[in-house]
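Biologist: I would like to learn how to read a fold from its coordinates. Could we take one feature at a time?

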Amino acid sequence: MRPLLGEEEALAAAEAVRSGWVAQGPRVREFEEAFAASVGAQHGVAVSSCTTGLHLAVHVLGIGPGDEVVVPSLSFIATANAVRYTGATPVFADVEVETGNLSASTVEPVLTERTRAVMVVHQAGVPADVDALKALCEPRGIAVIEDAACAAGSTYKGKPVGTDALLAAWSFHPRKLLTTGEGGMVTTDDPEWAVRLKRLREHGMSVSAADRHNGGSAVIEQYLETAFNYRMTDIQAAVGLVQLSKLDAIIARRRELAARYHELLDGVVETVRDPEYGTTNYQSFWVWLPEGADRQEVLAGLAERGVSARRGIMASHLEPAYEGHPGIALPVTEAFTARTLILPLFHDMTESEQDTVVSALSETLHTSQLTVRG
């Protein structure tokens, strides 16, 4: 992945610096409003990362010690960690082999009387079937939080992912299609939650620093609750506004490249694709290696041929941080993390570069399979 950053972003960041207001301020507010509108949400709350956004989403629901939140193990470890930050217990559920996402059928077996929320990840930009999860959870009084870290620009049932979300958290890390360097956003349609989320990200202050300085009169702020320092800067937001204006073009190009990968890799490996109910932004392009292929050997073979790939999506329950964490068997998750790898895909990738990737993968797999047979 290479972020698409250029002169426009550099100028926007420089303008923010020259303005004299570089902390959270007017550009952050503009970015919040523009991003929320782009995903069909009423409110956006900019934060320092998707991880802090997920933490705030769990926190604002009043979830804490003694509560359980269902999460996929097949996700960056921040998904589960955000639950632990509140003192609640993450409960791992398996995923669907076609999408890498939680579903109603994989979540239902792990629900208990202590379940307060399900945190569904739109894995690598592939939209999850959120309506089915809501139909399962809402009658039980269980909230559905959307980890949309990778999903900016993906669609679900003809609408942007995040439309009608109770709470959704987004990432602007450099590996994402829309980047601010570091940064994140929480979107919601609930005005009271939006107000509280903005307060929680800024130490619990009753009035933001920007509003206090622009108020025209002396304002003595109060600190209404124990909170956090999860703010975004105006420099980041300035970059984010430029990136947001490019998002549609970035996704169109990635989907064009993904379609070409599908054609070139047909009969070679299984590849990530759109689910029937939505479209992916192809944040990452994963492939399933054939049975018996040694992934480390394949990655090494690709590297020798000048191609930088990486392992598939991690399984959090297999990491040392979750050693001994109780849970059910997760066979699809473990197959996914062991047998998939992610191929290069970036906006300005050329057809020649893509041909190199496909050729290198085909050659490496051929050599690997000969070794297995031998």
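This is a predicted model: local features need pLDDT of at least 70, side-chain atom pairs count only at pLDDT 80 or more; totals for chains, interfaces and linings use all residues.

Biologist: Is arginine 27 buried or exposed?

Modeller: Its relative accessible area is 17%. Buried means under 20%, so arginine 27 counts as buried.

Biologist: Which residues is arginine 27 in contact with, leaving aside neighbours within four places in sequence?

Modeller: The list is Glu15, Ala16, Ser19, Trp21, Asp234, Ala237, Ala238 and Leu241.

Biologist: How many bridges join strand 8 and strand 9, and in which sense do they pair?

Modeller: Four bridges, in the antiparallel sense, between residues 167-171 and residues 184-188. Serine 171 of that pair stands opposite glycine 184 in strand 9. Strand 2 and strand 3, by contrast, run parallel and are joined by five bridges. There, valine 70 stands opposite valine 91 in strand 3.

Biologist: Why is strand 2 called largely enclosed?

Modeller: Because five of the five residues of strand 2 (residues 68-72) are buried, the rest of the structure largely encloses it. Glu68, Val70 and Pro72 point one way, Val69 and Val71 the other way, and all are buried.

Biologist: What is the order of strands in the three-stranded sheet?

Modeller: The order is 7-6-11, in an open sheet with antiparallel pairing. Strand 7 (159-160) and strand 11 (278-279) are its edges. Strand 6 (residues 155-156) pairs with strand 7 over two bridges, and the bridge partner of tyrosine 156 in strand 7 is lysine 159.

Biologist: How should I read the burial of a helix?

Modeller: The general idea is that an α-helix has 3.6 residues a turn, so residues three or four places apart point the same way. Helix 4 is a case of a mostly covered helix, with six of its eight residues buried. The buried ones are Ala78, Thr79, Ala80, Asn81, Ala82 and Val83. Their cover includes helix 3, strand 2, strand 3, strand 4 (115-121) and strand 5 (143-147). Just after helix 4, glycine 87 takes a positive phi of about 90°.

Biologist: Which residues touch the most other members of the largest nonpolar core?

Modeller: Phe35, Trp170, Tyr261, Leu265, Phe285, Trp286 and Leu343, out of 76 residues in that core. Helix 9 (residues 234-265) gives the largest share, nine residues. Apart from this core lies another of 35 residues, among them Leu54, Ile63, Met314 and Tyr322. As for tyrosine 261, its contacts beyond four places in sequence include Phe285, Leu343, Met349 and Val358.

Biologist: And how is empty space found?

Modeller: Rolling a probe the size of a water molecule over the atoms shows where empty space is left. In the whole structure, a search finds two cavities of 30 Å³ or more. About 40 Å³ of space lies in the largest cavity. Its lining includes Met1, Arg2, Leu177, Arg254 and His347.

Biologist: How much space lies in the largest pocket, and what lines it?

Modeller: About 630 Å³. Of its 28 lining residues, Ser75, Phe76, Cys150, Arg175 and Lys176 are the closest to its centre. Helix 3 (50-60), helix 4 (78-85) and strand 13 (310-311) each give two or more residues to the lining. Helix 3 gives the most, with three residues.

Notes:
Residues are numbered from 1 along each chain as its sequence is written. Side-chain values use heavy atoms; hydrogens and water are left out. Two strands pair if DSSP finds at least two bridges between them. A nonpolar core is a set of buried Ala, Val, Leu, Ile, Met, Phe, Trp, Tyr and Cys residues joined through side-chain atoms within 4.5 Å. Buried means under 20% relative accessible area, exposed over 50%, partly exposed in between (1.4 Å probe, protein chains only). Contact means heavy atoms within 4.5 Å. On a 1 Å grid over the protein atoms alone, a cavity is a set of points where a 1.4 Å probe fits but cannot get out, and a pocket is an open set with protein on both sides within 12 Å along at least five of seven lines; lining residues have an atom within 4 Å of a point. Grid points are joined across faces, edges and corners, and a volume is the space filled by probe spheres set on the points.
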